[in-house]
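Me: I would like to learn how to read a few features of this model. Please give the general idea each time, then the case at hand.

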Amino acid sequence: MKESIYNYHYPYGEHYLFFNGRTKRIFQASKKNADKFQEIICNPDSYKEDCPAFISKMKEDGFILEDGVNELDLVKELYQELRYPEVYQLMILPTYRCNLSCWYCLQRHQNIDLTAEHVRRIKLHIRKYLQENHIKEFYLNWFGGEPLLRYDIIVDLSSFALQVCQETGIKFGCGITTNGLLLNEERIKEMGRLHFKHFQITIDGCEEEHNKVKHLKGINTFEKTLKNIAMIAQEVPEVDCCLRINYSDKTLAPEVIMQDINKYLPEELHSLIRINPHKIWQIRPDKIKKEKVNDLGIQVSKSHFTTSTCVNSICYVDYIHFNCVFPNGKLGKCDNDGLNEQNGEIASDGSILRTEKYLFEDFDIFSENSPCATCKHLPSCWGPCPQKKNKNLMQHGTIKCIYKNPEQRMKDIIESYGLQYIKQEKSSAEVYV
């Protein structure tokens with residue numbers, strides 16, 4: 001037997017965290033036991049007689065493998081499974097307009113909406129794509145601009161897609177990223193009937209800071225947003241309701257943020273709401289105090305909200321069955337593309353017409369000229385995001401790591417998600433400690 005090449009172990013407070021990047025399994029050990037556990041994982045054959053239960057569990061969770069196993073082949077198989085699911089995800093931006101103007105927003109808000117002809121072609125495309133690609137599950141994502149400004153289009157296309165999927169036996173769901181201000185009880189109930197499975201709604205720090213960023217005259221947007229989130233949890237408790245907290249070095253005040261959230265979200269709803277903190281992308285990582293990020297995670301747990309536990313996965317843009325329709329009717333792969341950067345459109349019969357492929361679509365991250373193939377962090381990173389990958393390929397003919405210190409980045413990820421994962425997966429943690 002041998003140790004996995006994708007193992008990590010780091011000191012964390014009074015414990016050590018052990019993590020496997022391929023299987024995403026994690027456990028903690030006391031400082032007293034950590035060295036012994038590491039010794040066993042590194043030399044499993046020497047301890048198979050003395051620690052059979054521990055070694056068996058380490059094999060099950062991927063920390064230890066049989067000598068003949070090629071672990072890179074396992075990672076390749078995992079990558080293929082992630083890229084080629086029998087699921088079609090179609091993201092639609094019905095408008096570039098927004099009722100807010102957040103300073104950090106990537107979108108240039110413009111008065112552009114999908115037309116009736118665009119909607120007609122999207123309907124033909126949905127039916128055609130599902131039939132021709134043997135899709136078993138269809139997921140419709142709504143993005144913007146503020147998508148709820150064109151609630152009529154959301155209802156029209158979601159209703160159509162639901163009907164098509166019911167006729168063909170395909171599993172169906174919708175998701176939406178919204179500022180939440182245009183939601184109300186009637187819309188939330190209707191969206192529940194239309195199989196909305198996911199809502200992502202963002203706040204910007206505490207109530208005072210949020211209302212500076214998301215400012216509407218005469219409206220406490222923080223209060224309205226939180227009350228609408230509470231309504232989602234009450235009316236459609238089965239959905240994944242994600243409250244995303246965008247923070248900067250100036251707005252990261254964990255206790256104040258959670259006090260303000262708890263003021264508007266009743267405690268009995270906390271278990272139905274997932275909180276996902278995110279650094280605003282324009283802020284340099286070295287400006288953020290890690291202790292404050294960890295404290296926010298502790299405050300979230302103390303309030304009994306659900307938290308995100310996933311470690312980096314493949315970007316949805318890399319899915320073979322993913323497309324994005326922009327408000328001008330054009331078709332692309334990445335929702336961060338500019339308005340005139342798309343390389344496709346939906347034809348009058350619903351088929352996809354592309355002028356050219358993105359370079360990243362054919363690039364093999366396991367090829368000899370890719371640094372990813374031999375990188376320990378590969379199954380937790382999967383290389384740069386497709387947009388950056390495409391830029392690298394255009395400029396250099398290959399891709400380059402975009403992180404100055406990838407080892408530290410992995411350490412931060414493992415620390416951020418590790419203890420919460422252990423808390424939610426108690427059975428796996430208890431095996432080790």
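Me: Is Cys-98 buried, partly exposed or exposed?
Reply: Buried means under 20% relative accessible area, exposed over 50%, and partly exposed in between, with a 1.4 Å probe and protein chains only. Cys-98 has 27% relative accessibility, so it counts as partly exposed. Bear in mind that this is a predicted model, in which local features need pLDDT of at least 70, side-chain atom pairs count only at pLDDT 80 or more, and totals for chains, interfaces and linings use all residues. Residues are numbered from 1 along each chain as its sequence is written, and side-chain values use heavy atoms, with hydrogens and water left out.

Me: In what order do the strands of the open sheet run?
Reply: Strands (E, at least two residues) and helices (H or I, at least four) are DSSP runs numbered from the N terminus, and two strands pair if DSSP finds at least two bridges between them. Here 11 strands form an open sheet with mixed pairing, in the order β12-β11-β10-β9-β8-β7-β6-β13-β14-β15-β16. At the edges are β12 (306–307) and β16 (352–354), each pairing on one side only.

Me: How does β6 pair with β13?
Reply: Strand β6 (residues 87–92) and strand β13 (residues 322–325) are parallel, with four bridges. Within this pair, Met-91 is opposite Cys-324 of β13.

Me: What joins β6 to β7, and with which hand?
Reply: A crossover is right-handed if, with the strands pointing away from the viewer, the path from the first strand over the helix to the second runs clockwise. β6 and β7 are parallel over six bridges, and Ile-92 has Trp-142 as its bridge partner in β7. The chain passes from β6 to β7 through helix α4 (residues 116–132), in a right-handed β-α-β crossover. β7, α5 and β8 also make a right-handed β-α-β unit. In that unit β7 and β8 pair in the parallel sense over six bridges, with Leu-140 partnered by Cys-174 in β8.

Me: Why is β7 described as largely enclosed?
Reply: Five of its six residues are buried, so β7 is largely enclosed by the rest of the structure.

Me: Which residues have the most contacts inside the largest nonpolar core?
Reply: In soluble globular proteins, nonpolar side chains tend to be buried together. A nonpolar core is a set of buried Ala, Val, Leu, Ile, Met, Phe, Trp, Tyr and Cys residues joined through side-chain atoms within 4.5 Å. The largest one has 73 residues, and Phe-138, Trp-142 and Ile-261 have the most contacts inside it. Helix α5 gives the most to this core, with 10 residues. A second, separate core has 24 residues, including Tyr-319, Phe-360, Ile-365 and Leu-393.

Me: How many residues lie between the strands in the hairpin of β2 and β3?
Reply: There are two residues between them, and Gly-13 in this hairpin has a positive phi near 60 degrees. The strands, β2 (residues 7–12) and β3 (residues 15–20), are antiparallel over six bridges. His-9 is opposite Phe-18 of β3.
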